[in-house]
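Please look at the sequence and the 3D structure shown below, and keep both in view while reading the report that follows.

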Amino acid sequence: PEATGFGATYYAVEMLKHFGEEIKGKTFAISGFGNVAWGAVKKITELGGKVVTISGPDGYVYDADGISTPEKIDYMLEMRASGRDKVQDYADKFGVEFHAGEKPWGVKVDVAMPCATQNELDEESAKTLIANGVMAVAEGANMPSTPGAIAQFQKAGILFGPAKAANAGGVATSALEMSQNSMRYSWSFEEVDGKLKGIMADIYAQASSAAKKYGMEGNLVAGANLAGFEKVANAMLWEGVSY
């Protein structure tokens, strides 16, 4: 269940390396509190980053100290299991700020990771994040940023990791599970996590390399599309299709 959140975090790590930075000491705004958000919070905390927001349909919470203790992280699972679908429960339990009816993109952070739902990060939210100095945005949900938001990030030179690449950790881990089944292997959690880390680093490298190759360095949206297209095109050529 951690796979997509872990994978998105590993992708964010590679994005930060683009700036010569590391995740340790960086602050993160995350939306949602389900499996993806929970996995991202766990891995970011493990790597030394600090998540200061999570959100729900009712609003978002701001925890200045970070969602960084086992009790806080595990409580995300309790909230989800309760079926109440209210992130205010976290604020009530731990005595932190709750912002009803709002999204977390107004908080000043280094990295934003929308992990909740489609089209949750719009153009105005993108402008706010840019104004507050965000370094990178990595999508954990499926297409959580609107086209207008993506355009704003790219115009401002903010490194933007699209969902088709950044949230591939779940699919990648499913492939690892199929490999284990086919080969009759049984890998430990740590082995699977290590393989996932390598896969996400490779996905970033392929997108970054393709963007640079075609004159769009830093455009990870174009890079992901181009790398994917090249893979399919080369497979067709290897199968004997002529052009």
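## A loop residue and its surroundings

L47 lies in the loop that runs between α2 and β2, where helices (H or I, at least four residues) and strands (E, at least two) are DSSP runs numbered from the N terminus. With a relative accessibility of 30%, L47 counts as partly exposed, a label for values between the buried class (under 20% relative accessible area) and the exposed class (over 50%), computed with a 1.4 Å probe on protein chains only. The model is predicted, and local features need pLDDT of at least 70, side-chain atom pairs count only at pLDDT 80 or more, and totals for chains, interfaces and linings use all residues. Residues are numbered from 1 along each chain as its sequence is written, and side-chain values use heavy atoms, with hydrogens and water left out.

If its neighbours within four places in sequence are left aside, L47 is in contact (heavy atoms within 4.5 Å) with T9, Y10, V13, I23 and K24. L47 and G25 are 22 residues apart along the chain, and their C-alpha atoms are separated by 9.2 Å. One of the contact partners of L47, T9, has its place in helix α1 (residues 3-18). T9 has 0% relative accessibility and therefore counts as buried. Apart from its neighbours within four places in sequence, T9 touches I23, A40, K43, I44, L47 and M113.

## The sheet

An open sheet of seven strands has the order β4-β3-β2-β1-β5-β6-β7, and its pairing is mixed; two strands pair if DSSP finds at least two bridges between them. The edge strands are β4 (97-100) and β7 (159-161), each of which pairs on one side only. On average, and with direction ignored, neighbouring strands of this sheet are turned by 15° against each other.

Within the sheet, β1 and strand β2 (residues 50-56) pair in the parallel sense over three bridges, and the bridge partner of T27 in β2 is K50. Strand β3 (residues 59-62) and β4, by contrast, run antiparallel and are joined by four bridges, with G59 having A100 as its bridge partner in β4. In a regular strand the side chains alternate between the two faces of the sheet.

## Two pairs of packed helices

Helix α2 (residues 35-46) and α3 pack at an angle of about 175°, with their axes 10 Å apart. Axes are lines fitted to C-alpha atoms, for helices over the stretch in contact, and angles run from 0 to 180 degrees between N-to-C directions. The two helices α2 and α3 are therefore roughly antiparallel to each other, given that angles under 35 degrees count as roughly parallel, over 145 as roughly antiparallel, 65 to 115 as roughly perpendicular and the rest as oblique. On the side of α2 the contact is made by N35, A37, W38, V41, K42 and T45, and on the side of α3 by I73, M76, L77 and R80. The residues of this contact of α2 with α3 divide into six nonpolar, two polar and two charged, where Ala, Val, Leu, Ile, Met, Phe, Trp, Tyr, Cys and Pro count as nonpolar, Asp, Glu, Lys and Arg as charged, and the others, Gly among them, as polar.

Helix α8 (residues 169-183) and helix α9 (residues 189-213) pack at an angle of about 130°, and their axes are also 10 Å apart. That angle makes α8 oblique to α9. From α8, the residues G169, A172, T173, L176 and Q180 take part in the contact, and from α9, V192, K195, L196, I199 and M200. By class, this contact of α8 with α9 has six nonpolar, three polar and one charged residues.

## Two loop residues with positive phi

Which residue in the loop between α8 and α9 deserves a look? R184 is found there, and it has a positive phi of about 60° although it is not a glycine. With 71% relative accessibility, R184 counts as exposed.

D85 is found in the loop between α3 (70-82) and α4 (88-94). The phi of D85 is near 60°, a positive value in a residue other than glycine, and D85 is partly exposed, with a relative accessible area of 43%.
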